[in-house]
Amino acid sequence: MSINLYSKLKTDDPTISYKLIELNDDLMKLLNDNKSRKHLQFKSLDEVNSHVVLCSKDKTWLLRQKDHSNMSMLMHEGVVDDNSKTIDPSLSFGLPPPITDYIGFARTTYEYETVATEGRLRLENIPIYDGEQNFEVRDKSNQTSFQQLLEDSPCSSREGLIQWYSLGGCTINGQACLLSPKFINKALHVTLMSVLAESMNLEELNLKETYDAVSKDMNSEFNPYTIEVVETILNKFGRIKDTEIEDKIWKLNSPIIAKWYGIQSLKKYVSKSSLPFDEFMLQRRSQFPPFFPCDIDISMLRGNYYQPQAKQIQYFSKKSLSQDPKDRFKTLFKLQTSWDLRDIEPFIEELNTKHMKIDSFIMKYARRRRVGKNYIITSRN
């Protein structure tokens, strides 16, 4: 089979520019589904460098330019009014007569490949709410709803919601904001105390009933624990059991709550000096609401503490560590000369961007030896 190919590589409209994008299997499925492809949207990843991502309902792909030496031509089938298009058989290389005409209308020496990436909310201008009474943005024209935040962020709606719930996102007086850790701690404690006092089922919590329980004994004119705040607490420390029903029901996640109280206890009791494990565990238990049913396990707090001495514990924030792997390992070994693999892993896993086996990644910067069933990590120096 052969065709006649003609070229018209300048479009009638000079503002039109064509780009080629490689479609992976996931994107092909989305494009072939009428409902799913409606959610596909291009968004700006970086306003400075104009990087772009492509978002579906639940995934995000980075568009990365890939140059190549071959020219790609965009064509469409057309009719060419040309009586001289009969080809001399001696010049057809033995091919049969052309069956149709194609017209090239654009060409490019590069295309965009799609690389799966983690979507993120753009939180630079989102304020922090600490439970103050007169909270509002000074300039109403700059007020941002969560839906606007989602539209402006390089992430899918599902990824945005997961991050929003995890961070303690809320809406106060129409403004999207993040609850401060201090206020989250108060709101969680009040919510748990209230539902326990009403003997409510922690695995079957309705938003309105939970809010009514929280508001029941509020005597002041101003109640900082609005229904939106209560919903934020339920989303951060629980999960919706059935997303299809209109009257949503939440189930609280006891391990997540226990971890939250544990980290707050680390900050309160061992941020400046260490304590024996047993003494810290007693102090930690006192932070929980009375009769709150949950198991306490120190392993929940890995990535938030180190051991300056055997059987001692002290708080440490991962945010203070360098993003350079060598510097990070150096700092960790200054804090603690040897680490159990399970204890050091949360401090360094984010640096393993190539997704190597964690043992192999650690061996690039430290030594590993086996002691019984466990692995001990020490400095190379």
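This is a guided tour of the structure above, moving from the whole chain to selected residues and pairs.

The model is predicted, so local features are reported at pLDDT of at least 70 and side-chain atom pairs at pLDDT 80 or more, while totals for chains, interfaces and linings use all residues. Residues are numbered from 1 along each chain as its sequence is written, and side-chain values use heavy atoms, with hydrogens and water left out.

**The whole chain**

Of the 381 residues, 37% are buried, where buried means under 20% relative accessible area, exposed over 50%, and partly exposed in between, with a 1.4 Å probe and protein chains only.

**Helix H11 and its cover**

Next, select residues 341-348, which make up helix H11; six of its eight residues are buried, so the helix is largely enclosed by the rest of the structure. The buried ones are Leu341, Asp343, Ile344, Pro346, Phe347 and Ile348. If you then show what covers them, you will find, among other elements, strand E15 (338-340), helix H10 (325-335), helix H12 (358-363) and strand E17 (374-378).

**Salt bridges**

The whole structure holds ten salt bridges, each being a side-chain nitrogen of Lys or Arg within 4 Å of a carboxyl oxygen of Asp or Glu. Select glutamate 350 and arginine 328, whose closest N and O atoms are 2.9 Å apart. This pair links distant parts of the chain, with glutamate 350 in the loop between H11 and H12 and arginine 328 in helix H10, 22 residues apart. Arginine 328 is buried, at a relative accessible area of 0%, whereas glutamate 350 is partly exposed at 40%.

Move on to lysine 59 and aspartate 26, a salt bridge in which the closest N and O atoms are 3.1 Å apart. Lysine 59 lies in the loop between strand E3 (51-55) and strand E4 (60-77), and aspartate 26 in helix H1, so the pair ties together parts that are 33 residues apart in sequence. Lysine 59 is partly exposed at 37% relative accessibility, and aspartate 26 is partly exposed at 33%.

**Aromatic rings**

Now display the rings of Phe, Tyr and Trp (its six-membered ring), which pair if their centres lie within 6.5 Å; planes under 30 degrees apart count as stacked, over 60 as edge-to-face and the rest as tilted. The structure holds 15 such pairs. In one of them, tyrosine 261 and phenylalanine 288 have ring centres 4.9 Å apart and planes at 40 degrees, so the pair is tilted. Tyrosine 261 belongs to helix H8 (residues 254-269), while phenylalanine 288 lies in the loop between helix H9 (277-285) and strand E13 (305-306), 27 residues apart. Both residues are buried.

For another geometry, select phenylalanine 361 and tyrosine 365, with ring centres 5.5 Å apart and planes at 65 degrees, so this pair is edge-to-face. Then select Tyr129, Phe135, Phe183 and Tyr225, which ring pairs link into a cluster.

Finish with leucine 23, found in the loop between strand E1 (4-7) and helix H1 (25-31), and partly exposed at 42% relative accessibility.

Notes
Helix = DSSP H or I, 4+ residues; strand = E, 2+ residues; numbered from the N terminus. Contact = heavy atoms within 4.5 Å.
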